[in-house]
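Hi,

Here's the structure I promised to pass on.

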Amino acid sequence: MYFLTELKEGLAISFRAIRANKMRSVLTTLGIVIGIVSVTLMATAIEGVNRAFERSAAAFGTDVLYVQKFPWVSNEDWATIRNRRNLEVPYVAKVERQASLIDAVAPVVTTRRRLTYGINSMEGAMVSGTTAAYLSTAGVTLNDGRFFTAEESSGGRPVCAIGAVVAENLFPNEDPIGKTIRVAGFPYTVVGTFEKQGGLFGAFTSDNRVFVPLFSFQTHYGGRRRDVTIQVRVADLKQMEDAKMELEGIMRAIRHIPPGKPNDFSINQQEILTQTFAPISLVIATIGLFITGLSLFVGGIGIMNIMFVSVTERTREIGIRKAIGAKRRTILIQFLSEAAALCLIGGILGLAIAFPLSLIVDQVLPTAMPLSVVFISIIISLVVGVISGFLPAYRAARMDPVEALRYE
Amino acid sequence: MNVIELNAIVKTYDMGGAEQVMALQGVSLNIKKNEYVAIMGPSGSGKSTLMNIIGCLDTPTSGQYLFNGLNVSDMNDNDLAKIRNREIGFVFQTFNLLARSDSLHNVELPLIYAGVPSSERKRRAQETLANVQLGDRSHHKPNELSGGQRQRVAIARALVTKPSIILADEPTGNLDSKTGEEIMMLFEDLHKAGNTIILVTHEAEIAEHAYRTIRLRDGKVESDEIVTKRRVYQRAHAS
């Protein structure tokens, strides 16, 4: 009925009380400030890990199957897997000819080599030999220029496309397109650069990678028997499972595996990573938020404590208010709003501190404090205030006016 | 018409265990509208307990209390709060003003609890302060006022809801005699204006301002008589 008037009056009293006890209020609120800072930063960091993962996973492409010697996630005996025969480049042609549910196949062989351009160099960059079809079988986007053509690829032309980190290292102040870099001494002309991917899986990102035609790769860096990854893009995402079955059949035939024997190759896909990562991410988030939530809990206890002090100190005031007609509810609202106001101030201060800190986190992980976190932490600090204020406020509301008026 | 009707009011306090203290042992009395009554008695006579019950701050253990014909003996906390808010104006010995609030806000407070809208609240509080000659002190806090001024703010607070009774507990107890006289004159004026006043005191001199004195002893009414020799201070300018 008069709820709004009561709330308004309650808030006015709260702010007067908070101002009257500035030092105490600041110290009490500090617990909430620290709690909100740690919870929001943790949420921001978790958001960053998730975003980094999503970006990395996107680089694999949702519709791409990776036929490889090694599985990405496995609980099989490592020795058995290591003893598998390497995959070979000629498989690609066979898969292309026999599979009906796919629209691109590309072999990828990779090694590490030193890159140089003028005085700039980069140690241990990844060098991948592949075909023109690669661009359709990976989640990469060209930033500038082009990928090499089928003719350049089969002709073994000395051209290359480079990742963003390679471009930054070798060409800090120059446009890389058309320049000739040396990959372990052999010259390659840059025809394209990729957009930066970032992400968690350094070994899979295109950022620190140079792509050269497969034929050139084999000529310069040898190893026709080097293990090959066969990247297959499925024509229709809805037929992913069928395509996988078909691919498995073709590979078993190529490798002459008798029925009943297990595969001696693995078919990997992005889903495996997301499925593996999701529960890990959930556990990290739960534990992280729980631990940081503890500090908020401690802050709440601080608020409860000081509210008990405040109620005891103002026993007489409560008696006066009751004598002139304040109902239990009125007193309850008065003290609840004081606790909530304290926590709200703490929450807002906490956010004001956490926001610049989240920009520092952003330097390490691709993140920004999510707007939802801002709203949630404001709501959480209100809730903490109301919960921790409840017992003291309830005690105040239930005071006997006669006793309270007699209190010295 | 009786504003207050007490029938065989008993109040006992549990002192822990089986021990009980009987503060009021069957008090019956009536107070009419526009009466000016003093309740007297030595300490331990039960006058504070009686005042708390009349003021609806406490409920009797047994007996019936009719306030304006309404049975308040078994009302719940909220209904009692409402009665205190609208029907009873308290004036305390120690003033009991809110230290952090100015006079205006102190006087406004009962109206806030009554749900009166802000602008009307301010107007009525200001008006009532002016009636106790404190119209120019509305933004002073209690510690910026003299004792007499504080008690007048408290009286304004008691009056602002136009209550059925004014319940004053030793209203001059913390004031020097000169200021006490002023306050008693103010009560005189209030009584003339039609207010019902109940004065709780142990000082015979103060009780003599009333028209009727009820003496309590050991939780019972010892005597209930009309004051024959009323003491009325004359205002300086009126003499």
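Below is what turned up, starting with the contact between the chains and moving on to the strands.

A word on conventions: this is a predicted model, so local features need pLDDT of at least 70 and side-chain atom pairs count only at pLDDT 80 or more, while totals for chains, interfaces and linings use all residues. Residues are numbered from 1 along each chain as its sequence is written, with chains lettered from A and ligands numbered from 1 in the order in which they are written.

The interface: 20 residues of chain B are in contact with 18 residues of chain A (C-beta atoms, placed from the backbone, within 7 Å). On the chain B side, helix H2 (77-87) and helix H3 (103-113) are the elements giving two or more residues, and H2(B) gives the most, with six. Helices (H or I, at least four residues) and strands (E, at least two) are DSSP runs, numbered from the N terminus.

Chain B also has an open sheet of four strands, ordered S2-S1-S4-S5 with antiparallel pairing (strands pair if DSSP finds at least two bridges between them). Its edge strands are S2 (20-32) and S5 (70-71). Five bridges join S1(B) to S4(B), and B:Leu6 has B:Tyr65 as its bridge partner there.

Over in chain A, S8 (residues 209-213) has five of its five residues buried (20 or more other C-beta atoms within 10 Å of a residue's own, all placed from the backbone). S8(A) runs parallel to S3(A), joined by five bridges, with A:Ser128 opposite A:Phe211. With S5(A) the pairing is antiparallel over two bridges, and A:Ile162 partners A:Val210.

Cheers

Conventions. Contact = placed C-beta atoms within 7 Å. Buried ≥ 20, exposed ≤ 12 C-beta atoms within 10 Å, placed from the backbone.
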